[in-house]
There are 2 protein chains.
Amino acid sequence: MPSMDPNTWHVAKGWRFAAQSCGIRGDRDRLDLAIVISDRPASAAGVFTQNRVFAAPVRVCRERLPADNVRGFVACSGNANACIGEDGYQDALRMCVLTADAAGCKPDQVLVCSTGVIGRRLPMAKIESGIRHAGPNLQHSSAALKDAAQAILTTDTCIKVSTKLLEIDGTDVALTAFAKGAAMMGPNMATMLAFVLTDAGVAPAELQNIVTSAADRSFNAISVEGHTSTNDSLIVLANGGGPHLRGRGLEYFAESVTSVCRDLARAIAADAEGAKHLVTIEVEGLRTNEEAQRIARTIANSPLVKTAIYGADPNWGRIVSAAGYAGVEFVEKNLSLWLGDTLLYESGRPQPFEANEVSAYLRHNREVQMRLRFDLGSGRTTFWTCDLTPEYVQMNADYTT
Amino acid sequence: MPSMDPNTWHVAKGWRFAAQSCGIRGDRDRLDLAIVISDRPASAAGVFTQNRVFAAPVRVCRERLPADNVRGFVACSGNANACIGEDGYQDALRMCVLTADAAGCKPDQVLVCSTGVIGRRLPMAKIESGIRHAGPNLQHSSAALKDAAQAILTTDTCIKVSTKLLEIDGTDVALTAFAKGAAMMGPNMATMLAFVLTDAGVAPAELQNIVTSAADRSFNAISVEGHTSTNDSLIVLANGGGPHLRGRGLEYFAESVTSVCRDLARAIAADAEGAKHLVTIEVEGLRTNEEAQRIARTIANSPLVKTAIYGADPNWGRIVSAAGYAGVEFVEKNLSLWLGDTLLYESGRPQPFEANEVSAYLRHNREVQMRLRFDLGSGRTTFWTCDLTPEYVQMNADYTT
């Protein structure tokens, strides 16, 4: 899990942060706008929601990335700027213009993200005022990073920050990453946003490969309820001057980007709305990694599996049968299943086990594990999800327009 | 909705019913075994779960169907006879042998179904005794049909029966159908089972086409939580002697089978565990019916849409964004959306509407409608689902082994 202590964070060189309360949700005390700016042009690449219905800021970012001259981004929470047509696009562009003024760069050097309610115009007067106030406060510090990480939250109960200091070819390289997300999506809450900043030098095309691969093994391997947001965005920005990373140094850097993304993805699953359990699903022995991930995702999205975990019920039949409708070819005797360390089902046959002990394992641990082993190949995956609780239902029912 | 009044039912000629309390769940007062027998051999065809993990009775039925000499079936509730390997298959065959003894036919003329807990051996001594007791009580009556319809229930709150009397070429033809289902699946509850009996004469190959088409437009067009059962079965049996239906008479018969199946499917969605709303989703204007159904199913399975309906929240952003991740190509301006009679979203733009009025519509009606209109073609579908409530979560969490 990411560290919550700013004193332990590594803040990548040349990056400055500011946060502001604009009152987007009508609450003047809550930080709801973040600006992040590099002292020098950065390479940037991103991956975005696969939803056919995507928010205006996603359109702006897609048009601009990958790129080699990005100076930073502005992000607001409380309003997703989604599903309102051309007006939303113009508002997103305007946020870039205002941020460019504050940072002293060109508008097309700025990226933009939003998260929150779908289908409402942004309160642009408030946002304009917010950006103007935030601009002069940009700072290179853990405290400023913490405020920026706070400003992008919606229903999250805590900030999500993960940092790393690498030594590559005798030089220090810092990775500074933060994210928000508590449901994969919801008009009142909405969306996963994640940003990885570094002071390494990486070419845009290489950065695109790195971010795509990292997303597959982190944010694409979590699921709260399977509802894909209109706004999901993962953006990586590298402002390092001088020689670009290459060869083994680049590989090490790529693995480290994946590692901070996995930290943040697990933190999102653990902080899911109303969740009482973080569930790690290990699936192995399929013909391909993709088959393993399809099975893991189907189990993760089954409300019957999720309610069983909430109820501390070692209900292996729900897990086995969820695997069975994932669209992957297998027969029952290919499959064995563990909950924690307990073997419940081996090669297609139920095993005797102490239900009370497994139930106690589920009841007393916030982080629990299930493992499915097939005998069909070497494809494997690790996937994270959460349980489904009455609190989740109530939180998502009690939104009122 | 199906009629609950046995006096209005049409019982197909030559079909007899019996029900018995075996104590499969340890409850001696609850009917849990049904036998249905035709006086003469019947054509029979079925469609079954697409789950790779399927119960032993499904294996037996698949081996025997389609067929032209079926005399009937035995069904038990409280135990799914699933996921226990070869023993379960032998138990299912044994149920056919015992029922054949009671009915005076051969074992391979009998079909078998089960629904209930996954992963436990059937209590065969209890079931054997139950079948022996039920055999002599087989009766052609609405009262006996009602008991049989009761005996297959699990967490259902009411029986589901739909009947029709058709006149085809000057002859009366009765359709007598009953079903169970309250979650699409769950080890403690489990499964959709549905049976359609008729006194018409239909060849097995034709019956197979009819049941496949009927399933697509009824039971495959409902979803409670998207978890496909190990035991889902729809079986149609036609015991009519003499000339087989052909031409327009056969078409009318086929449409009528679909009609009773749709009645039962809607009754299942309406009786879903913990549900407070039956939601009809109309999707039209896609390139194909299949695209329309994919969008409807994705919306029906979204926990965020389902919790919004529970909360009487006219949260159109959740519906639009669920459509967006169904894997169907479209852009926002292709789409318009109504809740009840209120247009919320037209050609990609939110419309002004009275939130209080739409919220009242959702709050005061148990049956509610959403309609999505695309401008991409003439493909369309009607789909039924229910809302997601804290009661659903609690019911499915509180199962203990």
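This is a short tour of the structure above, stop by stop, for your viewer.

Before you click, remember that this is a predicted model, where local features need pLDDT of at least 70, side-chain atom pairs count only at pLDDT 80 or more, and totals for chains, interfaces and linings use all residues. Residues are numbered from 1 along each chain as its sequence is written, while chains are lettered from A and ligands numbered from 1 in the order in which they are written.

**Stop 1: the two domains of chain A**

Colour residues 6-270 of chain A as domain 1 and 278-397 as domain 2; these bounds come from an automatic or database domain assignment. Their C-alpha centres lie 32 Å apart. Where they touch, 10 residues of domain 1 of chain A are in contact with 12 residues of domain 2 of chain A (in contact means that the C-beta atoms, placed from the backbone, lie within 7 Å). On the domain 1 side, β8 (222-223) and α6 (247-270) of chain A each supply at least two residues. The largest share, 4 residues, comes from α6(A). Helices here are DSSP runs of H or I with at least four residues, and strands are runs of E with at least two, numbered from the N terminus.

**Stop 2: Gly46(A) and its strand**

Now select Gly46(A), which lies in strand β2 (residues 33-48) of chain A. Is Gly46(A) buried or exposed? Gly46(A) counts as buried because it has 27 C-beta neighbours inside 10 Å. The rule: 20 or more other C-beta atoms within 10 Å of a residue's own make it buried, 12 or fewer make it exposed, and anything in between is partly exposed, with C-beta atoms placed from the backbone. Leaving aside neighbours within four places in sequence, show the contacts of Gly46(A): Cys61(A), Leu65(A), Val211(A), Ser233(A), Leu234(A) and Ile235(A).

**Stop 3: strand β9**

Move on to β9 (residues 233-238) of chain A, where 6 of 6 residues are buried. Ser233(A), Ile235(A) and Leu237(A) point one way from β9(A), and Leu234(A), Val236(A) and Ala238(A) point the other way. β9(A) pairs with β2(A) in the antiparallel sense over 6 bridges (strands pair if DSSP finds at least two bridges between them). Look for Ser43(A), whose bridge partner in β9(A) is Ala238(A). Strand β7 (residues 193-198) of chain A runs parallel to β9(A) and is joined to it by 6 bridges. There, Val196(A) has Val236(A) as its bridge partner.

**Stop 4: an open sheet with a helix across it**

Next, pick out the 7 strands of chain A that form an open sheet in the order β8-β15-β10-β14-β11-β12-β13, with mixed pairing. The edge strands are β8 and β13 (349-350) of chain A, each pairing on one side only. β12 (residues 342-346) of chain A and β13(A) run antiparallel, joined by 2 bridges. Zoom in to find Glu346(A) opposite Arg349(A) in β13(A).

**Stop 5: where the chains meet**

Finally, show both chains. How many residues does each chain give to the contact? Chain B gives 54 and chain A gives 52. On the chain B side, α8 (303-310), α9 (316-324), β13 (349-350) and α11 (390-397) of chain B each give two or more residues.

Technical notes. Two residues are in contact if their C-beta atoms, placed from the backbone, lie within 7 Å.
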